[in-house]
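Here are a few friendly notes to read alongside the structure.

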Amino acid sequence: MNILAVSGSLRSNSSNTFILKAMMALAPANVHIYLYDGIGNLPFFNPETEYDALTTVKDWRRHVQAADGIIICTPEYAFNMPGVLKNALDWLVGSGELNGKPVAAVSASPLATGGSKALFSLENTLTALGTVKSEHTLLTIPFLVKKLDAAGVLTDEVTRQQLSNVLSALIHTIEQIKMNAVE
Ligand SMILES: Cc1cc2nc3c(=O)[nH]c(=O)nc-3n(C[C@H](O)[C@H](O)[C@H](O)COP(=O)(O)O)c2cc1C
């Protein structure tokens with residue numbers, strides 16, 4: 001099983017990317033989670049260039065298409081998901097790689113809100129894109145800075161358990177979809 005992990009932050013020391021790395025460490029042996037770090041290379045979405053052979057866009061679409069499921073972990077910028085993440089998702093609207101794809105969405109923030117407004121906006125976009133998600137594959141993580149050590153390793157046991165639950169729910173959804181496809 002292949003799961004694509006996408007961080008909504010381009011920062012080299014992104015706490016959201018660290019959360020994705022914590023989820024990678026939680027994955028069972030038969031599940032491979034790999035980080036896609038190319039969304040910062042995508043051009044601004046323009047419907048007129050939708051079908052052009054842009055290498056960066058093709059690469060993004062190919063990775064999403066090939067994945068059995070997607071995990072997105074994002075910060076909140078000005079009460080919304082970062083523009084770079086929304087831009088990346090806009091590139092998938094016309095081509096449909098996310099349609100019917102199981103997703104988990106996590107927002108993480110140093111504030112008490114845990115970036116809930118970013119998660120809300122991301123959820124809406126993921127609904128528009130036809131993804132498969134549930135309350136069990138959505139999570140906000142508040143007070144994030146207190147939960148990572150200086151090296152970015154997740155030290156909070158409750159958060160680790162919550163991430164494990166989200167991952168299990170995502171894997172379960174993927175397995176259900178695969179089973180239905182065989183029947
Ligand atoms: C321009 C900007 C806007 C921000 N707006 C919000 C916000 O609306 N809500 C929030 O919880 N945090 C906000 N933050 C704080 C981010 O959550 C924090 O910088 C976080 O660590 C970024 O995630 P990263 O570590 O993955 O890069 C903002 C940060 C920046 C730089």
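**Notes on pockets and a cavity**

1. Let's start with helix H1, which contributes three residues to the lining of the second largest pocket, the most of any element. Please keep in mind that this is a predicted model.

2. The second largest pocket holds a volume of about 200 Å³. It has 13 lining residues, and Ser 7, Ser 9, Arg 11, Thr 17 and Asp 37 sit closest to its centre. Two or more lining residues come from each of H1 and strand E2 (32-36). By class, this lining splits into five nonpolar, five polar and three charged residues.

3. Now turn to the largest pocket, with about 290 Å³ of space. Its lining counts 20 residues, and those nearest the centre are Arg 11, Ser 14, Ser 15, Pro 110 and Leu 144. Helix H1 (residues 15-26) again gives the most, with three residues. Ten of the lining residues are nonpolar, seven are polar and three are charged.

4. What is the volume of the largest cavity? It comes to about 40 Å³, and the count of cavities of 30 Å³ or more is one. Helix H2 (55-66), strand E3 (69-74) and helix H3 (83-90) each give two or more residues to the lining of this largest cavity.

5. Which residues would you look for around the largest cavity? The lining consists of Val 6, Trp 60, Val 64, Ile 70, Ile 72, Leu 85, Leu 89, Leu 92 and Leu 98. In terms of class, that makes nine nonpolar residues, with no polar and no charged ones.

Note on methods:
Residues numbered from 1 in each chain as written. Predicted model: local features only at pLDDT ≥ 70, side-chain atom pairs only at ≥ 80, totals over all residues. Heavy atoms only, no water. 1 Å grid on protein atoms, 1.4 Å probe; cavity = no way out; pocket = protein on both sides within 12 Å on 5 of 7 lines; lining within 4 Å. Points joined across faces, edges and corners; volume = space filled by probe spheres on them. Helix = DSSP H or I, 4+ residues; strand = E, 2+ residues; numbered from the N terminus. Nonpolar A, V, L, I, M, F, W, Y, C, P; charged D, E, K, R; others polar.
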